[in-house]
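Visitor: I'd like to learn how to read pockets and helix packing in a model like this one. Can you walk me through it?

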Amino acid sequence: MATGDLKGSLRKLDQHLRLLNYPREVDYTGLAKGDPSAFLPVVSHAFISYSSYLAEHLVGFGVELAGKNDLRFIESVYKVLRDLFHYKPILTKQQFLQFGYAERKISILCDIISFVTKKHKELSNKHKVITLYFFN
């Protein structure tokens, strides 16, 4: 996603959030300013709450995301992005936790949501196949 169109980036993020069934109020003002406290709840929801299949997969992968401070949480998220999704974010962990870089953070968040929803679909389909195999 190119930078320079903050409103367009926010619209794209809004579409992605609908795919994620994000249950909370979204702080679009904070997102537009690059406030990390606006991004972290969405990242947390994507990895921890959105899909029980993904949460179990991450635990099996050796990653614990719940109950960490912001830096440790982002370090774990970046590890998952690197090792599981083969993705290198365009910002460092420190930049992600700073104010600013709004469009780049939105781009990372859209990528995260895409990875998470795709992985959920893959894992849930696998689960359905296993269920059909064993119970039919």
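Visitor: Let's start with the largest pocket: what is its volume?

Guide: Keep in mind that this is a predicted model. The largest pocket comes to about 170 Å³.

Visitor: Which residues line the largest pocket?

Guide: A lining is read as a list of residues, so look for those with an atom within 4 Å of a pocket point. Here the list runs Glu-75, Tyr-78, Lys-79, Arg-82, Tyr-87, Lys-88, Pro-89, Leu-91, Thr-92, Lys-93 and Gln-94. Sorted by class, the lining has five charged, four nonpolar and two polar residues.

Visitor: Which helix gives the most to that lining?

Guide: That's H5, with four residues. Helix H5 (70-83) and helix H6 (93-96) each supply at least two.

Visitor: On to packing. At what angle do H3 and H5 pack?

Guide: Helix H3 (residues 36-49) packs against H5 at about 50°, and their axes are 12 Å apart. Angles of 65 to 115 degrees count as roughly perpendicular and those under 35 as roughly parallel, so H3 is oblique to H5. As for handedness, the crossing of H3 past H5 is left-handed.

Visitor: Which residues make that contact?

Guide: H3 brings Leu-40, Val-43, Ser-44, Phe-47 and Ile-48, while H5 brings Asp-70, Phe-73, Ile-74, Val-77, Val-80 and Leu-81. By class, the H3 contact with H5 has nine nonpolar residues, one polar and one charged.

Visitor: And how do the axes of H3 and H4 cross?

Guide: The axes of H3 and helix H4 (residues 52-60) cross at roughly 80° and come within 7 Å. Because 65 to 115 degrees is the perpendicular range, H3 is roughly perpendicular to H4.

Visitor: What meets what there, between H3 and H4?

Guide: Ala-46, Phe-47 and Ile-48 of H3 meet Leu-54, Ala-55 and Leu-58 of H4. That contact of H3 with H4 has six nonpolar residues, no polar and no charged.

Note on methods
Residues are numbered from 1 along each chain as its sequence is written. This is a predicted model: local features need pLDDT of at least 70, side-chain atom pairs count only at pLDDT 80 or more; totals for chains, interfaces and linings use all residues. Side-chain values use heavy atoms; hydrogens and water are left out. On a 1 Å grid over the protein atoms alone, a cavity is a set of points where a 1.4 Å probe fits but cannot get out, and a pocket is an open set with protein on both sides within 12 Å along at least five of seven lines; lining residues have an atom within 4 Å of a point. Grid points are joined across faces, edges and corners, and a volume is the space filled by probe spheres set on the points. Ala, Val, Leu, Ile, Met, Phe, Trp, Tyr, Cys and Pro count as nonpolar, Asp, Glu, Lys and Arg as charged, and the others, Gly among them, as polar. Axes are lines fitted to C-alpha atoms, for helices over the stretch in contact, and angles run from 0 to 180 degrees between N-to-C directions. Angles under 35 degrees count as roughly parallel, over 145 as roughly antiparallel, 65 to 115 as roughly perpendicular and the rest as oblique. A crossing is left-handed if the near helix is turned anticlockwise from the far one by less than a right angle, and right-handed if clockwise. Contact means heavy atoms within 4.5 Å.
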